[in-house]
Amino acid sequence: MRDSPPAAQPPPETARAVADAVILCLRDQGLTLPLPDGYLRLMIYRALRAVGPETTARAWAAAHLTESTAQLARSPDRTLRPVFDPLIWPGPVPLIVWQLFESHLVRPLRTITLRGRLVWRLDFRRLVPTDAGWMELTLFPGLHAILERLADAFDDTQGRGIIGLAGLYASGFAPTPRRRRRGRPAPRGIAPLDAPAVRDYILRVLHTLSATRHWTTLPEVIYLDLTPARKTHPSLP
């Protein structure tokens, strides 16, 4: 914090409280240094939002958390803030949650068609399946773990929110089965699950989370991609 611009430096007593809060958070997770700078800066920002003047927290975010607009989201007060601002993500931010967002597997998205509501986009293009068996053996347990982490974003709204599915129709990942020509064997390597099956599984996990977290509603699960159109004519050279 001492190396930050003057506006982002809290008073000494506040800096000590922030440092103690960050150390406690890391100890609770069983984490030790070294850790990614981005995660430590985020932890400092969260602590500043809790104990420091908001002007200092904003200056800290401007200096350390705004490398790109993808790291910002519009909060309920209509102000652009870091994704993990308490007004946008009120729950805890363990290292594994930060890593999900840093990998762009999960990102916030503002919609035009849904009255500007915040959508938590789950980008399947960031997952790379190796073969068809990967889908059922690894995908579903992995999705379950991701949704459990993402559930923190919906606790304050009792489950109200939107999860957007992107990249489900990307090449090699949960494609809708193609129509094959007569007399030709089915091509190998096509995943046995289609996009609706993946969405149905996500809804079932959310239903379980709703019961354990006492939500009053379920997050909506929407597609962010159009279904690939089938070709009805030969490709032109």
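The chain has 6 helices and 6 strands. Keep in mind that this is a predicted model. Along the sequence, the order runs α-α-α-β-β-α-β-β-α-β-α-β. The chain has 237 residues, and 39% of them count as buried.

Let's start before the helices. Ala8 sits in the segment that precedes α1. Is Ala8 buried or exposed? Its relative accessibility is 1%, so Ala8 counts as buried. What does Ala8 touch, leaving aside residues up to four places away in sequence? The answer is Thr56, Ala59 and Trp60. There is also a C-alpha distance to note here. Ala8 and His64 are 56 residues apart along the chain, and their C-alpha atoms are separated by 9.5 Å.

Next, helix α2. This helix covers residues 37-51, which makes 15 residues. From first C-alpha to last, α2 reaches 21 Å. That is close to the 21 Å expected at 1.5 Å a residue. Which residues of α2 are buried? Here is the list: Tyr39, Leu42, Met43, Ile44, Tyr45, Arg46, Ala47, Leu48 and Arg49. And what covers them? The cover includes α1 (12-28), α3 (54-64), β2 and α4 (95-102).

β2 brings us to another arginine. Arg81 lies in that strand, which spans residues 80-82. Its relative accessible area is 4%, under the 20% cut-off, so Arg81 is buried. Which side chains does the side chain of Arg81 meet in polar contacts? One is the side chain of Glu54, at 2.9 Å. Another is the side chain of Asp85, at 3.4 Å.

Now the strands. Look at β5, residues 162-166. Why call β5 largely enclosed by the rest of the structure? Because 5 of its 5 residues are buried. Here is a general point about strands. In a regular strand, side chains alternate between the two faces of the sheet. Back to β5, then. On one side are Ile162, Gly164 and Ala166, and on the other are Ile163 and Leu165. All of these are buried, and both faces of β5 are covered.

What pairs with β5? β4 does, in the parallel sense, over 5 bridges. In that pairing, Trp120 stands opposite Ile163 of β5. Strand β6, residues 220-223, also pairs with β5 in the parallel sense, over 4 bridges. There, Leu165 has Tyr223 in β6 as its bridge partner.

Hold on to Trp120, and turn to the aromatic rings. The structure holds 7 aromatic pairs. One of them joins Trp89 and Trp120. Their centres are 5.5 Å apart, with 85° between the planes, and the pair is edge-to-face. Where do the two residues sit? Trp89 is in the loop between β2 and α4, while Trp120 is in strand β4. They are 31 residues apart, and the pair links distant parts of the chain. Both of these tryptophans are buried.

Phe101 lies in helix α4 and Trp120 in strand β4, so the pair ties together parts 19 residues apart in sequence. Phe101 is buried, as is Trp120. Step back, and ring pairs link Phe84, Trp89, Phe101 and Trp120 into a cluster.

Phe124 is placed in the loop between β4 (118-123) and α5 (132-150). Buried or exposed? Phe124 is buried, with a relative accessible area of 1%. What separates the C-alpha atoms of Phe124 and His104? The distance is 9.9 Å, and the two residues are 20 apart along the chain.

To recap with the model open: find Trp120 opposite Ile163 in β5. Then find the cluster of Phe84, Trp89, Phe101 and Trp120.

Definitions and conventions. Residues are numbered from 1 along each chain as its sequence is written. This is a predicted model: local features need pLDDT of at least 70, side-chain atom pairs count only at pLDDT 80 or more; totals for chains, interfaces and linings use all residues. Side-chain values use heavy atoms; hydrogens and water are left out. Helices (H or I, at least four residues) and strands (E, at least two) are DSSP runs, numbered from the N terminus. Buried means under 20% relative accessible area, exposed over 50%, partly exposed in between (1.4 Å probe, protein chains only). A polar contact is a pair of N or O atoms within 3.5 Å; within protein, one must be able to donate a hydrogen and the other to accept it, and residues adjacent in sequence count only if both atoms are side-chain atoms. The expected span of a helix is 1.5 Å times one less than its number of residues. Contact means heavy atoms within 4.5 Å. Two strands pair if DSSP finds at least two bridges between them. Rings of Phe, Tyr and Trp (its six-membered ring) pair if their centres lie within 6.5 Å; planes under 30 degrees apart count as stacked, over 60 as edge-to-face and the rest as tilted.
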